[in-house]
Amino acid sequence: MKDNDSLSKPKPVILTCAQPTGMLTIGNYLGAVRNWADMLQRHECYFGIVDLHAITTPPQPAVLRQNVFQCVAQYVACGLDPDKCHQFAQSHVVGHTELAWVLTCLTPVGELQRMTQFKDKVAKLGFKTAETESTDGEIKFSHEGARAQASINAGLLCYPVLMAADILLYNADLVPVGEDQRQHLELCRDLAQRFNHQYSKTFVIPEPYVPKTGSRIMSLADPTRKMSKSDDHHRATLFILDEPDQIRKKIASAVTDSESEIRANSDKPGISNLLIIHSGLSGRPVPELEDHFSGKGYGELKSELTELVSETLAPIRTRYQELIADREYLKSILSRGAEAAQKRANKNLSKVYRKVGFPERTRK
Ligand code: TYM
């Protein structure tokens with residue numbers, strides 16, 4: 001890292017990650033990556049591309065490999081200067097799965113079965129959650145669900161423990177994430193406290209950082225659901241690499257309501273979502289936007305937002321095209337990132353191993 005401040009007192013450590021599942025969405029951008037870029041100056045930053053997590057729903061190997069490079073190219077295109085932060089592939093750093101195992105042994109199975117994202121994934125695979133959940137929140141696999149059960153691998157269940165290990169391996173002070181990761185962060189904090197209590201103080205208890213605006217961007221096709229990379233509806237998700245024509249079509253067909261007033265309110269989820277995206281990109285608070293659009297129609301909001309999204313994403317798309325063509329440069333970013341990450345990981349993992357009681361390895 002080229003930074004003059006690195007000689008003064010240590011900066012707080014930030015760790016956060018995204019899954020390499022192809023293109024980042026405007027939700028990933030507003031809820032996560034854009035905010036990370038603002039933190040580079042005042043923090044020591046580790047940004048992971050979590051390919052180990054990605055195989056809980058395994059993509060084609062060649063696709064996964066390509067997705068990791070696409071992810072780092074998008075990180076850099078969104079402003080994560082690789083000279084000011086460490087960007088690494090999770091599989092390049094030894095310690096994530098090792099620490100995850102130690103933490104797994106401190107985690108009751110029931111706690112994992114109660115995680116919202118796990119229950120959502122189970123439901124997506126063919127279970128009706130209400131029918132499969134007992135009163136204590138434990139998932140009961142019904143006979144009819146036996147076929148779907150075969151697709152629920154233990155990795156999906158243990159996912160949040162690996163995520164906790166990602167954070168604790170770096171003893172991160174702060175973890176910037178979108179709203180959907182809050183529960184995972186809570187589990188991570190609990191596990192850190194449990195370990196500290198059982199073996200003496202080892203881990204910093206990490207604080208979540210969830211942005212005020214944009215922490216939960218909703219689907220354009222169904223604004224009661226979170227915008228996600230894997231939505232089947234072709235106009236539900238705005239990707240940061242979408243061309244202007246795609247942006248225009250998606251925003252034009254965004255679901256709104258039968259009224260005409262431009263106002264953010266829980267009974268107007270579609271309009272609220274468009275205002276929040278506008279606010280996240282323009283930096284103008286939602287009440288100011290409500291005034292600005294007072295007396296105007298939904299069409300005007302949509303066309304102004306289309307312009308704003310297109311303008312914001314154009315330089316990102318251009319930079320991405322340059323970066324993705326330069327595989328050697330992307331490899332060098334990951335290689336430097338992994339080296340720095342490994343250094344920090346080694347220090348923390350050996351401390352954990354010592355506390356747990358694993359014998360020290362002697363070298364001749
Ligand atoms: P992932 O890859 O789903 O998302 C990456 C980041 O984007 C945020 N995000 C959103 N923010 C606002 N609106 C949305 N619609 C939206 N969709 C996604 C996420 O909150 C996240 O911050 N489990 C994590 C990856 C992970 C991780 C970690 C994160 C693994 N280990 C350690 C932090 C620390 C995930 O699947 O993120």
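Buried means under 20% relative accessible area, exposed over 50%, and partly exposed in between, using a 1.4 Å probe and protein chains only. The model is predicted: local features need pLDDT of at least 70, side-chain atom pairs count only at pLDDT 80 or more, and totals for chains, interfaces and linings use all residues. Residues are numbered from 1 along each chain as its sequence is written, and side-chain values use heavy atoms, with hydrogens and water left out.

**View A. Asp 231 and Arg 225 form a salt bridge.** A salt bridge is a side-chain nitrogen of Lys or Arg within 4 Å of a carboxyl oxygen of Asp or Glu. Here the N to O distance is 3.4 Å. Asp 231 is buried, at 17% relative accessibility. Arg 225 is partly exposed, at 40%. Side chains of opposite charge can pair when their charged atoms come close. A search of the whole structure finds 20 salt bridges.

**View B. Arg 248 pairs with Asp 245 in helix α11.** Helices are DSSP runs (H or I, at least four residues), numbered from the N terminus. Helix α11 covers residues 244-252. The closest N and O atoms of the salt bridge are 2.6 Å apart. Arg 248 is partly exposed, with 43% relative accessibility. Asp 245 is partly exposed too, at 37%.

**View C. Lys 331 and Glu 328 meet in a salt bridge.** The N to O distance is 3.7 Å. Both residues belong to helix α15 (residues 327-356). They are three residues apart, about one turn of the helix. Lys 331 is partly exposed, at 40% relative accessible area. Glu 328 counts as exposed, at 54%.

**View D. A network of salt bridges links five named residues.** The members are Asp 257, Glu 259, Glu 261, Arg 263 and Lys 268.

View E. His 53 lies in helix α2 (residues 51-54). Its side chain makes a polar contact of 3.2 Å with the side chain of Gln 90. A polar contact is a pair of N or O atoms within 3.5 Å; within protein, one must be able to donate a hydrogen and the other to accept it, and residues adjacent in sequence count only if both atoms are side-chain atoms. A polar atom of the His 53 side chain also lies 3.4 Å from the backbone nitrogen of Met 163. Contact means heavy atoms within 4.5 Å. Leaving aside neighbours within four places in sequence, His 53 has contacts including Gln 19, Tyr 159, Leu 162 and Asp 166.

Key. Helices (H or I, at least four residues) and strands (E, at least two) are DSSP runs, numbered from the N terminus.
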